[in-house]
Amino acid sequence: MDQSEEAQTEKREKKHRAHGGSAKLRGHPRDSPETRMSKTLSWMLRHGAKSEGLVMRSDGYVRVDDLLKRPKMKDLNFEMLQEIVKNDNKNRYNLLSEPDRSSDSPEGIWWIRANQGHSIKSVALDLQPINSPADISTGIAVHGTSTKAWEYIRSQGLSKMNRNHIHLAQGVPGSGVISGMRASSQLLIYVDVQKALDAGIKFYLSANGVVLTEGDENGFLSPEFFARVETSKGKPLPGWEDTQPVRRLDGTDVAVDKNTLAIAKESTKTPGTMTASAAEEAIEGVEKKTV
């Protein structure tokens with residue numbers, strides 16, 4: 001691309017941002033309007049603020065009045081936004097009212113942010129450092145994935161990809177844990193948090209209880225820090241038969257609600273939705289580009 005083409009591209013991008021982006025929602029056309037709106041909100045607050053012309057604070061918050069002016073949000077009002085935040089079963093968002101820090105006005109203004117999952121590098125969330133497994137209420141950090149993605153992960157480790165952190169859950173679907181893992185995960189990778197901490201890997205807790213780590217200097221969490229890898233039904237993968245099932249801090253087993261998993265996997269067969277394996281294939285493609 002020559003300089004004139006670059007200038008034209010930049011001009012188009014500036015115009016796009018100035019008008020707040022397009023009105024097209026994220027998600028599949030066959031998704032419900034509510035699902036597409038939720039996916040769009042998540043994308044804007046985690047990844048797309050700049051392209052949508054939104055000013056984001058370093059702690060991830062954007063003004064609600066600015067958000068609702070974006071073309072994609074034209075069918076959303078504040079009351080509807082409150083309902084989305086209130087009813088989100090993974091507690092992805094946080095709303096707060098406080099004065100604008102860049103203004104002298106004491107008037108309270110509504111702000112919203114995503115609690116984790118950002119790829120925007122300028123966002124520095126106020127995360128709780130984890131100094132030992134005891135700082136995790138269950139004592140567990142587990143990553144859900146697919147059998148296809150495992151072929152890559154088994155040698156390279158977990159990657160934060162284009163996000164700021166690798167995401168780990170405090171348990172598995174059906175065990176009362178709702179954040180940090182897809183219910184359709186086929187494989188479970190348990191992390192030896194203490195071993196990783198001893199090696200200098202840092203871990204944090206997000207506001208909605210997701211265990212986060214930046215991994216090593218290259219953004220990877222090496223397989224040497226995997227404690228056990230098993231199927232969603234609890235069967236260890238080949239090479240992991242000698243490892244013991246992971247238990248919570250209170251000594252109880254990590255229970256897997258097989259009925260919950262079956263329902264989740266069945267839902268991926270609904271026309272117009274992405275299957276679990278297809279979603280992981282997309283993730284795998286991004287991971288390979290980061291190697």
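W150 comes out as buried in this predicted model, at 6% relative accessibility, where buried stands for under 20% relative accessible area, exposed for over 50% and partly exposed for anything in between, using a 1.4 Å probe and protein chains only. F226 counts as buried too, at 6% relative accessibility. A quick word on bookkeeping: the model is predicted, so local features need pLDDT of at least 70 and side-chain atom pairs count only at pLDDT 80 or more, while totals for chains, interfaces and linings use all residues. Residues are numbered from 1 along each chain as its sequence is written, and side-chain values use heavy atoms, with hydrogens and water left out.

Next come the aromatic pairs. Rings of Phe, Tyr and Trp (the six-membered ring for Trp) pair if their centres lie within 6.5 Å; planes under 30 degrees apart are called stacked, those over 60 edge-to-face, and the rest tilted. This rule gives two aromatic pairs. In one of them, F78 and W110 are tilted, with 5.3 Å from centre to centre and 45 degrees between the planes. F78 belongs to helix 4 (residues 78–87) and W110 to strand 3 (residues 109–114), so the pair ties together parts that are 32 residues apart in sequence. W110 is partly exposed, its relative accessible area being 36%. The rings of W150 and F226 have centres 6.3 Å apart and planes at 40 degrees, so this pair is tilted. Since W150 sits in helix 5 (residues 147–156) and F226 in strand 12 (residues 226–231), the contact ties together parts that are 76 residues apart in sequence.

A charge also meets a ring: the charged end of R57 sits over the ring of W111, 4.4 Å from the ring centre. The criterion is NZ of Lys or CZ of Arg within 6 Å of the ring centre and within 35 degrees of the ring normal.

Searching the whole structure turns up one cavity of 30 Å³ or more. On a 1 Å grid over the protein atoms alone, a cavity is a set of points where a 1.4 Å probe fits but cannot get out, whereas a pocket is an open set with protein on both sides within 12 Å along at least five of seven lines; lining residues have an atom within 4 Å of a point. Grid points are joined across faces, edges and corners, and a volume is the space filled by probe spheres set on the points. The largest cavity holds about 50 Å³. Its lining is made up of Q116, G117, H118, V123, A124, L125, L127, N164, H165 and L212. By class, that lining has five nonpolar, five polar and no charged residues, with Ala, Val, Leu, Ile, Met, Phe, Trp, Tyr, Cys and Pro taken as nonpolar, Asp, Glu, Lys and Arg as charged, and the others, Gly among them, as polar. Domain 1 (32–124) and domain 2 (128–231) both contribute residues to the lining, so the largest cavity lies between them; the domain bounds come from an automatic or database domain assignment.

V123 is in the loop between strand 3 and strand 4 (128–130) and is buried, with a relative accessible area of 9%. H118, another lining residue, has its C-alpha atom 9.8 Å from that of M44, 74 residues away along the chain. M44 is part of helix 2 (residues 33–48) and is buried at 0% relative accessibility.

The second largest pocket has a volume of about 190 Å³. It is lined by 14 residues, and G139, V191, D192, A227 and V246 lie nearest its centre. Strand 8 (187–191), helix 6 (193–198) and strand 12 are the elements giving two or more residues to this lining, which splits into eight nonpolar, three polar and three charged residues. Strand 12 also holds T231, partly exposed at 24% relative accessibility.

Most residues other than glycine have a negative phi. M161, however, has a positive phi near 55 degrees. M161 is in the loop between strand 6 (158–159) and strand 7 (166–168) and is partly exposed, with a relative accessible area of 22%.

Methods: Helix = DSSP H or I, 4+ residues; strand = E, 2+ residues; numbered from the N terminus.
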